[in-house]
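Colleague: I'm new to this one, could you put it up on the screen and walk me through a few places?

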Amino acid sequence: MNVGIVNINNALSNGQSSLLTAKNNTDEQKFNELVKRLQSQNEGNGTLASNQIAQDGRLNGEYTTGYSGTFSAAADKNALPSGAAANQANPHVQSKTIDKTSKLYESALELEGYFVKQMLSAMRKTVSKAYEGDFATQTYEDMLFDEYATAMTKNAGFGLADQIYLSLV
């Protein structure tokens, strides 16, 4: 009798009901596997230490993209400066190479990202809005602009991180 109900349900929903049931079963199985794996970690007590979750220098709950692992190719170990750092005032000075895989360069990217974020915040204040939004809206909008700044820093090639790196090496 139960098979008859399933067949009628499949006929009415063009098989979507069976697909949904199979997907839910798969999701439930994956979730149960995740719970078992978490419970088996850390000597069986099911908890994780903060150093197992957060990367060095980041806080728990910090869900921004960050700059870790942005440059990992072999060519990034001896890269030429880009952007403003490539424009030397003296053409007779030989340009230095940059190790874009180093922690120092990652920190320089973070500083450039901070400056880009400040620039975007100043630009955002010039736009008039009909609705300012509540605290949550403002918070998520700020997080969005953090991600914009990170993406711009990684891809725009301003060269500020390169200049910072070269001045510190």
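Colleague: Where does Lys-117 sit?

Modeller: Lys-117 is in helix H4, residues 103-125, where helices are DSSP runs of H or I with at least four residues, numbered from the N terminus. Keep in mind that this is a predicted model, in which local features need pLDDT of at least 70 and side-chain atom pairs count only at pLDDT 80 or more, while totals for chains, interfaces and linings use all residues. Residues are numbered from 1 along each chain as its sequence is written, and side-chain values use heavy atoms, with hydrogens and water left out.

Colleague: And is Lys-117 buried or exposed?

Modeller: Lys-117 counts as buried because its relative accessibility is 11%; buried means under 20% relative accessible area, exposed over 50%, and partly exposed in between, with a 1.4 Å probe and protein chains only.

Colleague: What does Lys-117 touch?

Modeller: Not counting residues up to four places away in sequence, Lys-117 touches Asp-142, Phe-145, Asp-146 and Ala-149, a contact being heavy atoms within 4.5 Å.

Colleague: What about Leu-120, which residues is that one in contact with?

Modeller: Leu-120 also lies in helix H4 and, leaving aside neighbours within four places in sequence, is in contact with Phe-145, Tyr-148, Ala-149 and Met-152. The C-alpha atoms of Leu-120 and Phe-145 are separated by 7.2 Å, although the two are 25 residues apart along the chain. Leu-120 counts as buried, because its relative accessibility is 10%.

Colleague: Switching to H5, which residues are buried there?

Modeller: In H5, the buried residues are Phe-145, Ala-149, Thr-150 and Thr-153. Seen down the axis of H5, its buried residues fall within an arc of 145°, so they line one face of the helix; the arc is that of the directions from the helix axis to the C-beta atoms. H4 is included in what covers these buried residues, whereas the face turned away from the buried side carries the exposed residues Tyr-140 and Asn-155.

Colleague: How far does H5 reach?

Modeller: Helix H5, residues 135-155, has 21 residues and reaches 30 Å from its first C-alpha to its last, close to the 30 Å expected at 1.5 Å a residue, where the expected span is 1.5 Å times one less than the number of residues.

Colleague: What follows H5?

Modeller: H5 is followed by Gly-157, which has a positive phi, near 70°.

Colleague: Last one, where is Leu-38?

Modeller: Leu-38 is in helix H2, residues 16-40, and counts as partly exposed because its relative accessibility is 32%.

Terms used. Helix = DSSP H or I, 4+ residues; strand = E, 2+ residues; numbered from the N terminus.
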